[in-house]
Amino acid sequence: MKAATAYISTDALQHNIAQLRQKAPNSKMLAVVKANAYGHGLLPVAQHLADVDGFGVARIEEALTLRAGGVVKPILLLEGFYSAADLPVLVTNNIHTVVHSVEQLTALEEAELETPVVVWLKIDSGMHRLGVRPEQFTDFVTRLHACKNVAKPLRYMSHFGCADDSTSPVTAEQLDTFLSLTAGCAGERSLAASAGILAWPDSQLEWIRPGIIMYGVSPFTEPERNADAFSMKPVMTLTSSLIAVREVKKGEAVGYGGTWVSQRDTKVGVIAIGYGDGYPRSAPNGTPVLVNGRIVPMAGRVSMDMLTVDLGPECNDKVGDEAILWGQGLPAEIVAEYVGTIAYELVTKLTPRVAMAYT
């Protein structure tokens, strides 16, 4: 019997990379492995991604973990460096950086570095989170070209804010803005992340940046655009075990606060996973769990170490049987819809108590 275990399928990961190659055959691939590879394990995932051209991370600590683990391919800091003191570390470890602010630009101009740094200029094409505004673009390009600490040619990137919404006009406007600004620029460009790769093929430029879709989870909320619709397979299957099967009478409440009251005589299964493992406490009654090939509903509030499901009065489930919380047979997107969140949050919030098993 095992407690909470996340099985990570390296076969599924390779399959998804191959599918992405088919969808964007003319683009290099920057595999995004930030946030512990979206909860799948930073270094093990990177070590199984032989067929990518580089890696994207959010923090310099993530980049250094990859380098220490033997990863030699290009690594890009997607948020850029936080302090001028980081610049020598980037040089020593051959880490690329985004530049999105005048503070970063000034730090590069004033630094004394042994070799230039590869810079990706981030353009605010309409998301208004990070990046230089279109009216600042020419000045930034001029200064970066003049800076001895910047490797030439420059590279360029931006990020979509609404690519998962096919009804929004914003994505087309962002695409037009980015292409117009970078027309004639010598350096490589990157615009498409997961939703862009799948839904906006014109944004597949010299580089693509697959994130959540690489792990077999759809960036879209519509059921008809789930990962399976794009021939992608879930990489993570989160499991645990039944540690008790108990009889509950009609009218009896289960769990903290008595939020679920049985409408019949039934059997309730207790599963060894809870919010201490990263399973969301906010999951309501009825949230699906897969037990012995069938969906059963959650019954009662999620505890720190356990949750309970209504197995039904005629069940044959027994202690030690496996329960799948999401993954193979139960997409994380479906669970996220019940919880009122997105699958990104589910997979990235697992705690260190969950065992990781690479298969």
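Predicted model: local features only at pLDDT ≥ 70, side-chain atom pairs only at ≥ 80, totals over all residues.
Helices (H or I, at least four residues) and strands (E, at least two) are DSSP runs, numbered from the N terminus. Residues are numbered from 1 along each chain as its sequence is written, and side-chain values use heavy atoms, with hydrogens and water left out.

Let's start with the whole chain. It has 11 helices and 18 strands, and its C-alpha atoms fill a box of roughly 75 × 45 × 35 Å, taken along the principal axes. Of its 359 residues, 53% count as buried; buried means under 20% relative accessible area, exposed over 50%, and partly exposed in between (1.4 Å probe, protein chains only). The accessible surface comes to about 15600 Å², and 52% of that belongs to carbon and sulfur atoms. Accessible areas here come from the Shrake-Rupley method with a 1.4 Å probe, and for residues only the protein chains shown count as cover. As for contacts (heavy atoms within 4.5 Å), take those between residues at least 6 apart in sequence: 62% of them join residues at least 24 apart.

Now back to strand 10, which covers residues 236–248. Is threonine 239 buried or exposed? It is buried, because its relative accessible area is 4%. Leaving aside neighbours within four places in sequence, threonine 239 is in contact with Ala3, Ala4, Thr5 and Tyr7, and also with Glu322, Ala323, Ile324 and Leu325. Further along strand 10 sits isoleucine 243, which counts as partly exposed because its relative accessibility is 36%. Together with Met1, Met306 and Val319, Ile243 forms a nonpolar patch on the surface, with about 380 Å² of accessible area in total. Like charges are joined within 9 Å, and nonpolar side chains (Val, Leu, Ile, Met, Phe, Trp, Tyr) within 5 Å.

Next, have a look at helix 7, residues 137–146. Which of its residues are buried? They are Phe137, Phe140, Val141 and Leu144. Seen down the axis of helix 7, these buried residues fall within an arc of 100°, so they line one face of the helix; the arc is that of the directions from the helix axis to the C-beta atoms. The face turned away from that buried side carries the exposed residues Thr138 and Ala146. What do the buried residues of helix 7 pack against? Their partners are strand 5 (95–99), helix 6 (102–110), strand 6 (119–122), strand 7 and helix 8.

The loops on either side of helix 7 are worth a stop too. In the loop between strand 6 and helix 7 you'll find histidine 128, which has a positive phi of about 65° although it is not a glycine. Histidine 128 is exposed, with a relative accessible area of 55%. The loop between helix 7 and strand 7 holds proline 153. A cis peptide bond joins lysine 152 to proline 153, with omega at about 0°. Carry on to the loop between strand 7 (155–157) and helix 8 (170–182), and there is serine 168. Serine 168 counts as buried, because its relative accessibility is 12%. Its side chain reaches the backbone nitrogen of valine 170 at 3.2 Å, a polar contact in the sense of a pair of N or O atoms within 3.5 Å (within protein, one must be able to donate a hydrogen and the other to accept it, and residues adjacent in sequence count only if both atoms are side-chain atoms).

Finally, let's go back towards the start of the chain. Glutamine 19 is found in helix 1 (residues 10–23) and is buried at 15% relative accessibility. Not counting residues up to four places away in sequence, glutamine 19 touches Phe230, Ser231 and Met232. Glutamine 19 and lysine 233 are 214 residues apart in sequence, yet 10.0 Å apart in space, C-alpha to C-alpha. In helix 2 (residues 34–38) sits alanine 37, which has a positive phi of about 55° although it is not a glycine. Alanine 37 is buried, with a relative accessible area of 0%.

Technical notes
Patch = residues over 30% accessible without salt bridge, like charges linked within 9 Å, V, L, I, M, F, W, Y side chains within 5 Å. Salt bridge = Lys/Arg side-chain N within 4 Å of Asp/Glu carboxyl O.
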